[in-house]
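Please read it alongside the sequence and the model.

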Amino acid sequence: LSNRYKHTHFKETALPSQLIPRPNGRLNRGDYYAAMQSCKIVLSLRGEGYDTFRFWENAAMNAVHVSQSMPLLIPNDFTHNVNIFKCENLNELIRNIDNILDGDVDSETIIKQSHLHLERFHTTTKRAAYLLEELHKAFRR
């Protein structure tokens, strides 16, 4: 992807440690969020696991959220082509990115729908309420 798309914020750095708390090239929080908010597209790709904080964070950015399809149960999940773009493979990922960059997608509407969906279903408070409701159902017997 970094060879195909030249203006990206793709960057790999070492993880902070006690020995090296700020590895070379690692952005501080303010610079990181400024960089993320300057993007047209944010990607959620599987890392060491499927469920990551970045997925939820990316839904809040001022960018179109493109995600690798993940085998997770997400209550009130985001909807492909409505508030997110989901991809099964690299070809789909590239096709979605190209469509967004070429203006074939109403990015403003997708971003707005992502923010509305995130606020309606996926804030910490909403997710906690959902969990409590499901626990109540499970133990009501």
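1. Ser67 lies opposite Lys86 of β3. Here a strand is a DSSP run of E of at least two residues, and a helix is a run of H or I of at least four, both numbered from the N terminus. This is a predicted model, in which local features need pLDDT of at least 70 and side-chain atom pairs count only at pLDDT 80 or more, while totals for chains, interfaces and linings use all residues. Residues are numbered from 1 along each chain as its sequence is written, and side-chain values use heavy atoms, leaving out hydrogens and water.

2. Three strands form an open sheet in the order β1-β2-β3, with parallel pairing. Strands count as paired if DSSP finds at least two bridges between them. β1 (41-44) and β3 (85-87) stand at the edges with a single partner strand each, so one side of each has no neighbour in the sheet. Direction ignored, neighbouring strands are turned by 20 degrees against each other on average.

3. Four bridges join β1 to β2 (residues 64-68) in the parallel sense. Within this pairing, Ile41 has Val64 as its bridge partner, and Ser44 has Ser67. Between β2 and β3 there are three bridges, also parallel.

4. Why is β2 described as largely enclosed by the rest of the structure? Four of its five residues are buried; buried means under 20% relative accessible area, exposed over 50%, and partly exposed in between (1.4 Å probe, protein chains only).

5. Helix α4 (residues 107-121) has 15 residues, which at 1.5 Å a residue should span 21 Å, in agreement with the 21 Å between its end C-alpha atoms. The expected span is 1.5 Å times one less than the number of residues. Ile110, Ile111, Ser114, His117, Leu118 and Phe121 are buried in α4. Viewed down the axis, the buried residues of α4 fall within an arc of 130 degrees, so they line one face of the helix; the arc is taken from the directions from the helix axis to the C-beta atoms. Glu108, Lys112, Glu119 and Arg120, on the other side of α4, are exposed.

6. The model holds zero disulfides, a disulfide being a pair of cysteine sulfur atoms within 2.5 Å. Cys39 is in none, and the nearest cysteine sulfur, in Cys87, is 16 Å away. That separation is too far for a bond. Both cysteines are buried: Cys39 has a relative accessibility of 16%, and Cys87 has a relative accessible area of 3%.

Conventions
Axes fitted to C-alpha atoms, helices over the stretch in contact; angles between N-to-C directions.
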